[in-house]
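Q: I'm new to this one. Can you walk me through what's in it?

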Number of protein chains: 2
Amino acid sequence: MTSGLAPFLAPKSIAVIGASEGVEKIGGRLMNNLLRHKYAGLLYPINLNRSEVWGVKAYRDLASVPEQVDLALIAIPAAGVIEAIEDCAKAGITRVVIASSGFADAGAEGAALQRRVVEIARRSGIRIAGPNTQGFYNVPAGIAATFSPAVNVDPGPTGKRPRIGVVSQSGGLGFSLYNRGRGDGLDFSSIVSIGNQCDLELADYADLLIDDPDTRVVMLFIEAIKTPQKFIALAKKAAEREKPLIVAKVGRFKAASRAVSSHTGSLAGVDSAYDAVFERWGVIRAENIEEMLEIAALFTRHRVPRGNRVAIVSATGGTAAWLTDICEAHGLELPEIDAGRRQRLMEFIPPYGSPLNPVDITAQGLRGYAPALEIVEDSPTHDAILVCITLAQEARIAREGEDIAKLVRASEKPILVYTYATASEKSKAMMAAWDLHFFSRMTGCARALQAGLVYHRFQDRFRSETPADEAPSPVAGEARRFLAARGPTLCEYEAAELLALYGIDTTGSIAANEEDAQKAAAALGWPVALKVQSPQIPHKTEAKAVALNVADTDALREAWRAALANARAFAPDAEIRGVLVQPMARPGIELIAGVASDADFGPIVMCGLGGVEAELFGDVAFAPAPLTEAQADAMIDKLKAAALLAGWRGAAPADRREFAALLVKLSRLAWDARDAIAEIDLNPVIVHGHGLTVVDALIVQKGNP
Amino acid sequence: MTSGLAPFLAPKSIAVIGASEGVEKIGGRLMNNLLRHKYAGLLYPINLNRSEVWGVKAYRDLASVPEQVDLALIAIPAAGVIEAIEDCAKAGITRVVIASSGFADAGAEGAALQRRVVEIARRSGIRIAGPNTQGFYNVPAGIAATFSPAVNVDPGPTGKRPRIGVVSQSGGLGFSLYNRGRGDGLDFSSIVSIGNQCDLELADYADLLIDDPDTRVVMLFIEAIKTPQKFIALAKKAAEREKPLIVAKVGRFKAASRAVSSHTGSLAGVDSAYDAVFERWGVIRAENIEEMLEIAALFTRHRVPRGNRVAIVSATGGTAAWLTDICEAHGLELPEIDAGRRQRLMEFIPPYGSPLNPVDITAQGLRGYAPALEIVEDSPTHDAILVCITLAQEARIAREGEDIAKLVRASEKPILVYTYATASEKSKAMMAAWDLHFFSRMTGCARALQAGLVYHRFQDRFRSETPADEAPSPVAGEARRFLAARGPTLCEYEAAELLALYGIDTTGSIAANEEDAQKAAAALGWPVALKVQSPQIPHKTEAKAVALNVADTDALREAWRAALANARAFAPDAEIRGVLVQPMARPGIELIAGVASDADFGPIVMCGLGGVEAELFGDVAFAPAPLTEAQADAMIDKLKAAALLAGWRGAAPADRREFAALLVKLSRLAWDARDAIAEIDLNPVIVHGHGLTVVDALIVQKGNP
């Protein structure tokens, strides 16, 4: 999708339309940044009134520029942008960054202007970044095509090294990630502010960065995804290339409240679809700026852990104890150091220290960190090591830093240095000279290791798993035709018919009159349940249009009348299609299975603890359809209710495999009919020792008012 | 408890025993720090071999010092400390800090040495800090009686201002809090490393700091509390003085696994008692160093919010959106700015900005933050304001900082400045000059506001509430005698007798033979439950020594035999006291109520979702006994199960008041018998529309093997 885009971030010549010397104006700040970062290509300031800008020869218009221009940066008020784009077209420029605001970001008028820009661009074969973008900064190439002041920090070492790419829907935030990351000694490839995405979008830039051999991870700041399918293609490609995407997705809580008809719908917040898609493709979600940078630091500056067993080497017991708590809160374990290594450690650790885990060499430890680290480093029972040190003063690190750096470089394991006091400038300079990265937050060390481990496990799974088949099922056409012929809300007996197509059995039969019902009950076996079927009464229990535990013919006669009377009282105009007669379900574990269609990502399958209390405990898991059996199984693993299926407190286990199979079948239906189905609710699904019973089924079609 | 201790942190003269010039030795580092921070009192280095140390006249022993010494700092190897303490006693010194390690921190031999130190001190009227302490630092007085290198940063402005006190069980961590806090521009009073607490303990120093008029908050780093009752007295005093305690309590996950007999016991992790006690007294628990400092910053540098409604003023929409998510995750709300203020804002915010909330003045906003802040500041629908700014460059803050600082100072609300890029040194200096604090983490702003609000609400409650009566109940003596006459595990019928003393009704009667049981069942009404009573079979269901829903005399005959046979098969040697006959409980909400005795804090009452799945969902709340009705009610409020009591999804509400009353009664029993009772489990307690049924009761006494 991005062929021909690669030069976008590495233009050999740049025209700045609206170049000026005033640093209050974005055209001035763009020029200033390009020059300050020593842009090595040809630079053409365009300014009607000046022959020179910041000492560079200026041109009155694009037509006067003597050579072909690779990239135009537009930094003039919105009103003039149409003419500028037309000038670009005339000059044969095919790549344009529009920094100017006042387009789709500014009401209906601005949106109309933006549409005109897109029209001209399409017609002329121009690709556009922005508008309303702060531009981009290609760090190793020294191309600061941005008016952001946050780029004015030391860009760090040049040359090949694992770098971080940033693509941000917020320019302020994107360049701030760079600014902060540089403060932590991290290395960047390019930072891109995507603006309004009138043409090029987030996934396009991220794709370029995934292709860049020096970019090891890509950070994405997302408010809303423009083309979900492009994003999924990007995530797949990143997974295949083993380049983690570290994503901040904001707007978690602001999601507009939606009208939902099902338990599944109300349990599936808008954000659960994002989480489900992110998890499927190994995308790492970060909750704050620090966490984003710390996770990126792990992937660019450290090895990735292969397991969750951490050893801590510290000179302060208290800090190490706190670090232990924080590690354990992140799913990491701290097994003891083995006896042999303990003995070697005790040769130089004072008696008031500890050789267990954390290894406390004490503040007065004579021989210091490096010898302890050397002993712990090759412990076969540890996957990662945290070295807890103070960089507030230089004395200790000056003595030991180089030895520590050698051990870190040589080790196959991640060895993370953490400073518990603020690093002094001298310490920082020494650490940089040894190329030794350090963390400043306990939580950061633990979160980074956790994210690394989760990604490692994702890759293991990703490379071995057979992906779900996305081809339509043999019955897909039939299912779609069935749905097209039905109303917005399917009655339970209709839902049962559709589910049967996918091998999902429900019980019972529909009765048109009491006589039929008596026959059905006798055939099914007493006691039975009666459920009035009407498309206008999807929640039958609320309407008291349900009778449970109907024990015999007399009881049925009474229940039949009462249920129908209640239904008519609840909704006098309801069309009543008959009464469903079902045998009462055997006991078992009450779960819920469902589907909610996400506006961006399509059908998301849900499973969880069921019954009327489903929403109260919110013990649920989500994954995008279609599902493989392994994926369904992984969903169940995430539930607390999994312990119930396994046989809670001596109870017999329930048929988990059958429930997983149900989820797979349900996911096939949801996938085949993704254009039609809004929500599916199987609640409760009672899972027995062998087999399961789908007690109730609700299917709602899209466009349901 | 601390009378006479005040001069401990402000000695007028100090002797340093083991003073030297080598900064590798703690005696050298102590001298160096005292001199570097310009100790203004009289300083007496004690050194056998030198006449001068760091240019200060030295003495060969304490006896040679001509004047009375206020405080001795001992910095010699452990072996010489006994003699040094004896010298102190002879010289009439009553306050001694032992920095040396090698005491209780170093095995049995060290512990013995420490006991000798304590004996001598007691005998001579000496109060001791340490041993194994890094000392203390009284910042405003410039007394750096510590060998920690972390104190060597700019101590900040002198004079009266709200300061942070630190008392830490880890010297490394305590001084690191100071070091980091100074980096954030926070002001400190004293930092104390408490070491082994052989005499003075954490609560003693914290008490001194609470008394200090300049100390506004006290940070505590706790591994284990020496005297829990002293800690509680401290927490009460801090609450009365409205000085928040901000506590890091580590060892959360490492707590030794304990043998427990009840659901309550297994649900009550070791740490839940700490949380319960902290909450009772308004102690704020922090999860990491950054959070500790950020919360302290709120209390020392800002107003405390009176409500949870936040307004954000930002120049970058993306950052503001993320900040919004983080605020909402912390229980804060972001209501829209009212129409009148919106109109005033739109007079200078460009059309691509926003006057809602967050208020986005845009990166190109002409008039900047101050005018927007001025409009938002007095919004009656907002309790706090976050100003989201970049301090990476100085241009903007140089123009606006002073105006912002004025608004912050004049406002009755907290106005927190947050920088999304790393603050430049020049920006920092300007902010310091305006005395304008800023935050560097989004999470920090939100967490600090949350903590401030929780503390404000705690104070409201604390000042209005009637505390629980700690006097023994009229039946306390009887209860204690009853327990003393019983075995380690009370049979259900025995537990019932004890509970009845406190007005907790259970149902049923004990039957010695089948005939009695038939009579009891007839009297109680069928169906009934039978439960074999044996102190050796506390978990009757596991032993199948229970029969439920026994419908009639025939069924009872059968059930009687089966239950007794099962009990004998399960525990052939069990002493069987009879069979409890109970009516089957009416339906209702299944809850659990219990008590677990904490080794430090005594009886902790628990309530939660009950039944066999209690542990699975962990929907529980804890509070220390005794409870008032209001406190019991607040516990119930914390449960998800509270929604069930209120009438979930149209169900009738249950008798919440009766359940609260049960908790109060249970807490009285637990309090009266706190020396005897280890665990109580009422599980399930079935709460009906009116009244409740305690279905099962288990009481375990202390010393139960």
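Q: How many residues of chain A are in contact with chain B?
A: This is a predicted model. In it, 70 residues of chain A are in contact with 71 residues of chain B.

Q: And how much area do chain A and chain B bury between them?
A: About 5600 Å² is buried between chain A and chain B. Carbon and sulfur atoms carry 60% of that area.

Q: Which three residues supply more than any other three of the area chain A buries against chain B?
A: They are A:Trp322, A:Leu616 and A:Phe617. Together these three supply 13% of the area that chain A buries against chain B.

Q: Switching to chain A by itself. How many helices and strands are there in chain A?
A: Chain A has 23 helices and 30 strands. The C-alpha trace spans about 100 × 80 × 40 Å along its principal axes.

Q: What percentage of the residues of chain A count as buried?
A: 61% of the 705 residues of chain A count as buried. The accessible surface of chain A is about 27000 Å², and 52% of this belongs to carbon and sulfur atoms.

Q: What about contacts in chain A between residues 24 or more positions apart?
A: Among contacts in chain A with a separation of 6 or more, such pairs account for 73%.

Q: On to sheets. What is the order of the 5 strands in the parallel open sheet of chain B?
A: The order is S2-S1-S5-S6-S7. Strand S2 (42-46) and strand S7 (127-129) of chain B stand at the edges with a single partner strand each, so one side of each has no neighbour in the sheet. On average, neighbouring strands here are turned by 20° against each other, direction ignored.

Q: How many bridges pair S1 and S5 of chain B?
A: Strand S1 (residues 13-17) and strand S5 (residues 71-74) of chain B pair over 4 bridges, in the parallel sense. B:Ala15 has B:Ala72 in S5(B) as its bridge partner.

Q: And the open sheet with 4 strands in chain B, is the pairing parallel or antiparallel?
A: The pairing is antiparallel, and the strands run in the order S21-S24-S22-S23. The edges are strand S21 (509-511) and strand S23 (546-550) of chain B; each has a single partner strand, so one side of each is left without a neighbour in the sheet. Neighbouring strands of this sheet are turned by 25° against each other on average, direction ignored.

Q: Which strand of that sheet does S22 of chain B pair with over 3 bridges?
A: Strand S22 (residues 528-533) pairs with S23(B), in the antiparallel sense. B:Val546 in S23(B) is the bridge partner of B:Lys531.

Q: Which strands does helix H18 of chain B touch?
A: Helix H18 (residues 514-524) packs on the sheet and touches S21, S22 and S24 (578-583) of chain B. The direction of H18 makes about 15° with that of S24(B).

Q: What does helix H19 of chain B touch?
A: Helix H19 (residues 553-570) packs on the sheet too, touching S21, S22, S23 and S24 of chain B. The direction of H19 makes about 25° with that of S22(B).

How values were computed:
Residues are numbered from 1 along each chain as its sequence is written. Chains are lettered from A and ligands numbered from 1 in the order in which they are written. This is a predicted model: local features need pLDDT of at least 70, side-chain atom pairs count only at pLDDT 80 or more; totals for chains, interfaces and linings use all residues. Side-chain values use heavy atoms; hydrogens and water are left out. Two strands pair if DSSP finds at least two bridges between them. Helices (H or I, at least four residues) and strands (E, at least two) are DSSP runs, numbered from the N terminus. Axes are lines fitted to C-alpha atoms, for helices over the stretch in contact, and angles run from 0 to 180 degrees between N-to-C directions. Contact means heavy atoms within 4.5 Å. Buried means under 20% relative accessible area, exposed over 50%, partly exposed in between (1.4 Å probe, protein chains only). Accessible areas come from the Shrake-Rupley method with a 1.4 Å probe; for residues, only the protein chains shown count as cover. Buried area is the accessible area (1.4 Å probe) that two parts lose on being put together, summed over both.
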